[in-house]
Structure formats: structure tokens, C-alpha cells
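Please describe this structure for a reader who has not seen it before.

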Amino acid sequence: MARITAGIASSHVPAIGAAFDQGRTQDQYWKPVFDGYEWVRAFETREDPDVVILCYNDHASAMMLDVVPTFALGMAEEFEVADEGWGKRPVPLVMGDPVLAAHLAEQLVIDEFDLTLMNTLDVDHGLTVPLSLMFGKCEEWPVRVIPLAVNVTQFPTPSAERCWQLGAAIRDAVESYPAGLNVQVWGTGGMSHQLQGERAGLINPAFDGAFLDDLTADPDRLRRITRLEFLREAGTEGIELIMWLIMRGALGERVEELNRFYHVPASNTAVGHIVLRPLD
Amino acid sequence: MRTRLYSLDELNDIPGTTVFNALRSRQAYHLHKFCMSLMQPENREAFRADERGYLDRFRMSDEQKRAVLDRDFTKLIDLGGNIYFLVKLSNTDGWTTQKAVSSMTGMTPDEYAAMMRAGGRSPEGQRSIRGKS
């Protein structure tokens with residue numbers, strides 16, 4: 001049977017992608033950010049996952065105008081890289097896993113998660129920046145990816161608890177898949193940041209630090225954080241952290257923290273990254 | 001009886017913040033359709049060649065068109081816009097996201113960049129208009 005062997009969370013700041021693509025990873029400004037991902041790049045080489053279920057949000061690249069799905073699952077064989085206004089990122093095509101995606105879609109809807117299923121989907125920096133951070137420069141990505149896009153843009157977003165429950169259902173769905181796949185779940189976005197209004201530039205290291213701690217120490221507290229509290233404490237875009245809770249919910253009750261990284265700033269954002277191993 | 005977790009009025013209590021919702025999304029639909037059109041290189045060229053003429057292809061309000069021409073992101077947010085759509089415009093201009101975001105704060109791009117390098121804007125005093133915390 002398939003197993004979820006690790007959960008990884010990371011910010012997905014577009015400027016990180018631009019620095020990566022333009023070869024500025026050793027600049028004084030960017031070096032600390034990229035150094036923070038050296039550990040996980042070696043980890044991913046050792047772990048060699050078959051599939052990543054990648055929770056991210058579409059930044060008005062493929063959805064959010066005509067349709068606004070709360071949860072949308074990518075069903076296709078491949079996903080094109082979106083042009084977000086300055087040309088496509090020069091990264092490989094993202095290959096999907098339609099058979100596992102179809103299994104997830106069935107299991108999750110049976111389990112009362114009324115997902116939107118995307119038979120075509122262009123993916124933006126929300127999905128490709130984490131791939132670049134975990135795998136570096138490559139000719140083709142070493143994993144198949146099932147995108148799970150979450151509405152974190154238009155209020156109301158799903159709640160923290162709903163995201164956790166979806167993660168728990170993903171775990172059951174993966175474990176009922178007959179093929180022996182090594183599956184990871186990634187949660188992306190965050191940490192604290194706000195990209196609009198006079199309050200733009202908000203960073204809350206105390207909130208972020210407690211969030212990182214409680215992924216292992218007290219995840220029940222994180223499930224109770226309201227959307228209002230995310231907006232107040234972590235900024236309007238800090239609510240992306242609910243996607244980390246899908247990842248965490250998919251790992252079961254007890255987890256071990258293998259690595260973490262926190263850095264301010266990347267552009268407008270506090271960069272956070274954590275690697276977790278399920279213990280149950 | 002179903003109960004709400006908290007009053008949605010609370011969303012208006014965060015200083016310097018506009019929460020993007022379904023009604024705003026509808027108000028900005030044509031503005032956002034324009035923004036997403038800039039994901040095609042040929043549309044970016046057409047917009048650059050004749051900004052006003054290009055905007056007239058869309059059913060946006062005159063106020064929205066004026067704010068686009070002025071690159072007035074604060075106004076665009078007031079008129080329903082959301083930053084993830086609006087950065088398609090600033091990306092077309094070759095601006096960094098940081099520059100677009102900083103334009104809403106009353107700081108210069110350099111002042112804003114310096115604030116971010118120094119750790120960003122503290123949440124102290126920025127949580128609640130009513131509670132001033």
C-alpha cells in the first residue's frame with residue numbers, strides 16, 4: 001500500500017523563484033534563504049519520494065476569476081507552468097499522477113470533502129517555487145505531483161480545522177491505495193505577511209515561532225486558530241498557513257520534527273520551512 | 001440552531017486592511033479580467049502600445065480605468081481589486097511585487113525595503129482599530 005512518509009512545509013514567495021531563475025542565490029540578500037534549504041535538498045535525494053501531494057494556492061493564474069474553488073485537485077497527466085506577467089518560469093513541466101489523483105478524488109468525495117476536480121490546470125509560483133527549493137535546478141522534476149489548490153485569497157477561506165480534517169482524510173485515502181508508493185504531503189505559503197493596504201509588510205515572528213513549535217508540541221491549538229486571528233496576527237496573506245495544516249493533518253497524531261528554518265525577510269514575507277516525520 | 005464562530009463585522013476592525021470577499025470579487029470582475037489578460041505576451045504589448053485603448057476593451061468602471069492608468073494600487077484595492085490579480089499589472093511594468101506592495105504604505109520603495117530588512121512591520125498596535133492593540 002502507499003504510505004505518507006514525510007510532511008514538508010515551505011513559503012512560496014515569487015521573488016525566491018526569480019532569484020533562483022536569475023542565478024542570484026549567492027547574493028548577500030538571498031544566500032541565507034537558499035542556505036536554509038540545503039538540508040532538505042539532501043533529505044529529498046535520500047528519501048526519493050514517488051509522489052508529492054502539493055497543497056498550494058493559485059494566485060489568480062488559473063482560477064479565482066471565473067471560478068473560485070475552495071479545494072481543487074489536479075487530475076491531469078501534466079501541468080503547464082503559468083505566465084504570471086513576466087514570462088513563464090524556466091522550470092520543467094510538472095508531471096501528475098492521474099491514477100492516484102482519481103483514487104484520491106473518489107475517496108475524498110466519499111469521505112464528504114466536496115472537491116473541485118481540475119482536468120486542466122496551469123500551475124504558478126505557489127507550486128513551482130517549493131519544487132525549486134526542494135529539488136534545485138533539474139531537467140525534469142524527480143517526482144510526480146498532485147496539486148491541491150486551496151482558496152486562501154477570497155474570504156471566507158476554509159477553516160484551520162477543515163484543512164486539518166482534509167489532511168486526515170488524505171492520509172486514509174493514500175493508505176487505501178494498493179500500489180506501494182512513497183508519498184509526501186507538502187503545505188506551502190506563509191508565514192506571516194500582508195501584501196495590501198497601509199498595514200502591508202506586517203511580520204509576526206512570535207506568532208510564526210509558536211506555529212512552528214506547535215506543529216509537533218500542540219497541533220490541537222493550531223486547529224482552533226480562527227480565520228480572523230490569522231488575519232490579525234499573521235496578515236491577510238498569512239492565512240496561507242492553513243495549508244500547512246492539511247499537511248500536518250495528513251501525518252497522524254504524533255510527528256517528529258527533523259528540520260526547520262525561519263528567516264525574515266524574503267521580499268514582503270517571513271520565510272518558514274519545516275520537515276516532519278509521522279511516528280504512528 | 002447553527003451559530004457563527006464570530007461576527008463578520010470583526011473583519012472591518014483590522015487597521016489598514018481590506019478583506020477581499022465575494023462581493024468585492026464581483027465588483028472587480030472586469031478589472032481582474034483585464035489583469036489576467038496580461039498573462040499573454042501579445043496582450044502585454046497591446047496594453048503598452050495604447051493603455052487607454054486596451055482598457056476600453058474591458059467593461060471596467062471609469063474609476064477603475066483611471067486607477068490602472070495612475071498605477072494607484074490603494075485605489076484599485078478600494079474598487080474591489082485583489083493584489084494577486086493586480087500584480088499582473090505591476091509585473092507587466094517590470095516592478096517587483098515589493099515595489100507594488102510598498103506603494104500602498106505611504107513609504108518610498110527604499111524606505112519600505114529597509115523596514116522589511118529590519119524585520120518588517122510589527123503587529124503591535126496593528127491588530128484592532130477598536131481595541132487599539
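## Contacts and overall form of chain A

In this predicted model, 82% of the contacts in chain A between residues at least 6 apart in sequence join residues at least 24 apart. Chain A has 10 helices and 10 strands. Of its 280 residues, 55% are buried.

The C-alpha trace of chain A spans about 45 × 40 × 40 Å along its principal axes.

Eight strands of chain A form an open sheet with mixed pairing, in the order 6-3-7-2-8-1-10-9. Strand 6 (116–118) and strand 9 (255–266) are the edge strands, each pairing on one side only. On average, neighbouring strands of this sheet are turned by 20° against each other, direction ignored.

Strand 3 (residues 71–74) and strand 7 (residues 144–150) of chain A run antiparallel and are joined by three bridges. A72(A) has A149(A), in strand 7, as its bridge partner. Helix 4 (residues 98–110) of chain A lies across strand 2 (51–56), strand 3, strand 6 and strand 7, and runs at about 150° to strand 3.

In soluble globular proteins, nonpolar side chains tend to be buried together. Here the largest nonpolar core has 118 residues, and L54(A), I146(A) and M243(A) have the most contacts inside it. Helix 6 (residues 160–175) of chain A supplies the largest share of this core, eight residues.

## Surroundings of G126(A)

G126(A) is located in helix 5 (residues 125–135) of chain A. Is G126(A) buried or exposed? G126(A) counts as buried because 28 C-beta neighbours lie inside 10 Å, and the cut-off for a buried residue is 20 or more.

Beyond residues up to four places away in sequence, the contacts of G126(A) are H12(A), Y56(A), N57(A), D58(A), H59(A), T188(A) and G189(A). One of these, T188(A), is 62 residues from G126(A) in sequence, while the C-alpha atoms of the two residues are 7.3 Å apart in space.

## Chain B

Chain B has nine helices and zero strands. From the N terminus on, its elements therefore read α-α-α-α-α-α-α-α-α. The C-alpha atoms of chain B fill a box of roughly 50 × 45 × 20 Å along the principal axes.

Of the 133 residues of chain B, 38% count as buried. Among contacts in chain B with a separation of 6 or more, 54% come from residues 24 or more positions apart.

## Where the chains touch

The contact between the chains takes 34 residues from chain A and 45 residues from chain B. On the side of chain B that touches chain A, the elements giving two or more residues are helix 1 (22–27), helix 2 (29–37), helix 7 (83–92), helix 8 (97–102) and helix 9 (109–117). Helix 7 of chain B gives the most, with seven residues. The residues of this side of chain B divide into 22 nonpolar, 17 polar and six charged.

## Backbone details

Most residues other than glycine have a negative phi, and most peptide bonds are trans. Which residues are joined by a cis peptide bond with omega of about 0°? They are F155(A) and P156(A), and P156(A) lies in the loop between strand 7 and helix 6 of chain A. The peptide bond from V264(A) to P265(A) is also cis, with omega near -5°. P265(A) is placed in strand 9 of chain A.

E112(A) is not a glycine, yet has a positive phi of about 75°. E112(A) is placed in the loop between helix 4 and strand 6 of chain A. With 8 other C-beta atoms within 10 Å, E112(A) is exposed. In chain B, R71(B) has a positive phi of about 50° and is not a glycine either. R71(B) sits in the loop between helix 5 (62–69) and helix 6 (73–78) of chain B. With 15 other C-beta atoms within 10 Å, R71(B) is partly exposed.

How values were computed
Residues are numbered from 1 along each chain as its sequence is written. Chains are lettered from A and ligands numbered from 1 in the order in which they are written. This is a predicted model: local features need pLDDT of at least 70, side-chain atom pairs count only at pLDDT 80 or more; totals for chains, interfaces and linings use all residues. Helices (H or I, at least four residues) and strands (E, at least two) are DSSP runs, numbered from the N terminus. A residue is buried if 20 or more other C-beta atoms lie within 10 Å of its own, exposed if 12 or fewer, and partly exposed in between; C-beta atoms are placed from the backbone. Two residues are in contact if their C-beta atoms, placed from the backbone, lie within 7 Å. A nonpolar core is a set of buried Ala, Val, Leu, Ile, Met, Phe, Trp, Tyr and Cys residues joined through C-beta atoms within 7 Å. Ala, Val, Leu, Ile, Met, Phe, Trp, Tyr, Cys and Pro count as nonpolar, Asp, Glu, Lys and Arg as charged, and the others, Gly among them, as polar. Two strands pair if DSSP finds at least two bridges between them. Axes are lines fitted to C-alpha atoms, for helices over the stretch in contact, and angles run from 0 to 180 degrees between N-to-C directions.
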